[in-house]
Amino acid sequence: MVLAGHSAQLPTIHQNREERSLDGSYEREMSENHPLPPQEIELKLLFEPEAQTVISHHLAAMALGRSQKKRLITTYYDTPDLQLKQAGLSLRVRRSGSLRIQTLKTDREDGQLAIHRGEWEWRIRHDHPDMDVLSDTPYGALITALATRLTPVWVSHIDRTTHTLPYNGAMVEAALDEGHVQSGNARDPVRELELELKDGPVRAIYALALALQAVVPLRLGVLTKAGRGYRLLTGAQALPVQGRKPPLTGKMTLAESFRTLIRSSLNALIDNQPAAEAGHPEGVHQMRVAIRQLRTVLQIVESRHVDRSALRLFQAELQRIGRELGEARDWDVLCLETLPVAFPTHEHDDQVRMLADAAELKRTAAYQQIRHELQAPALSALVLSLSLWIEDASFTGGKGGEEISLVSDRK
């Protein structure tokens, strides 16, 4: 999940961006022979079973026209060694009644909370992928070369109710999904609300998510259904994500630079939430790093922004969540680093063992508190609020409110 781009217009995919090839290398494509793909811009929100009725009625009251209901059976294809997944691609065929839709998607665009990714769709006649239609994409030759090895890897069964919502000058498609994804005998239940921006400013999708969260508890979802399926297929656990270096350039204004820094830290915070919930110490550590980075940037922003009350509320909530993560991190350091180094040859010493056991109990309790905190809607509300705020905030400096560059243009 990634933070959305500029507030004035929808972000675009640069024509000369680097695309990952199937062997893991990079090559520049997107030439004039391969036009830019339509972009999917969506937020994924998770809800508990008891919230389904309330949110359904609320969406119906907001909707423009009647809702649409469908039973969707979607099969994802890949090679046995998952070469499409490794290339950042997903290929699926979705069946709804007699309709068959083939979809090719790229991984999300870096730097955005509302998921941005390339997407191509075709109506096809059969349940298996049609290689011919892929020729109009930059990946046609790569996927066609693997055609004989493509096989169904997992399937989802979803009951979808779709509403069209006009909101704050935008048009948003709200899809309420319930069902499961399945790979072999393994299943993972799905209860999601997907908000997809069809037209209008990106800020509207964040504002709508916050308005809905005020009605029912909603949490930001990190994994796509494809991600869920691959987790089931491989049995892989949630892993920590190293924060990426923000793509700052000398041509950015102060506002653009601040927004880039904040989005980058928010992404790192949310991306590491699954690993932290799973009890991975590095996931907790990376979330703490992201919070420290956010607090530092907001402190800098505070000196250049008139709305200090909002900034102080953000700082207070970041500090509160940081304290919860900090307690778990402290016990991690004691149990996993300090005690093993301090007593490397005393594993059979009763007193040392009692100390280690007592510390481990404290560590377990700290992680239980972390799971409770991260599964509550507060973190999602904070991230959505910050995402909306940076779409509208003005970061000014110099005389007359003129925006200034954060990075020197000189080489």
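A crossing is left-handed if the near helix is turned anticlockwise from the far one by less than a right angle, and right-handed if clockwise. Keep that in mind for the helices.

This is a predicted model, so local features need pLDDT of at least 70, side-chain atom pairs count only at pLDDT 80 or more, and totals for chains, interfaces and linings use all residues. Residues are numbered from 1 along each chain as its sequence is written, and side-chain values use heavy atoms, with hydrogens and water left out.

Helices first. Helices (H or I, at least four residues) and strands (E, at least two) are DSSP runs, numbered from the N terminus. Axes are lines fitted to C-alpha atoms, for helices over the stretch in contact, and angles run from 0 to 180 degrees between N-to-C directions.

Start with H8, residues 281–302, and H9, residues 308–342. They pack at about 150 degrees, axes 9 Å apart. Angles under 35 degrees count as roughly parallel, over 145 as roughly antiparallel, 65 to 115 as roughly perpendicular and the rest as oblique. H8 and H9 are therefore roughly antiparallel. H8 passes H9 in a left-handed crossing. Their contact residues divide into 14 nonpolar, six polar and seven charged. Here Ala, Val, Leu, Ile, Met, Phe, Trp, Tyr, Cys and Pro are nonpolar, Asp, Glu, Lys and Arg are charged, and the others, Gly among them, are polar.

Next, H9 with H10, residues 350–375. The angle is about 150 degrees, and the axes are 9 Å apart. That makes H9 roughly antiparallel to H10. The crossing is left-handed.

Now H6, residues 254–271, against H8. Their axes come within 8 Å and cross at roughly 160 degrees. So H6 is roughly antiparallel to H8. H6 passes H8 in a left-handed crossing.

On to the second largest pocket. A pocket is an open set of points on a 1 Å grid where a 1.4 Å probe fits, with protein on both sides within 12 Å along at least five of seven lines; lining residues have an atom within 4 Å of a point. Its volume, the space filled by probe spheres set on the points, is about 800 Å³. Of its 29 lining residues, the closest to the centre are Leu46, Arg219, Leu223, Arg228 and Glu277. S10 gives the largest share of the lining, four residues. By class, the lining has 17 nonpolar, four polar and eight charged residues.

Last, salt bridges: a side-chain nitrogen of Lys or Arg within 4 Å of a carboxyl oxygen of Asp or Glu. The count is 23. One joins Lys105 and Glu119, at 3.7 Å, N to O. Lys105 lies in S6 and Glu119 in S7, so the pair ties together parts 14 residues apart in sequence.
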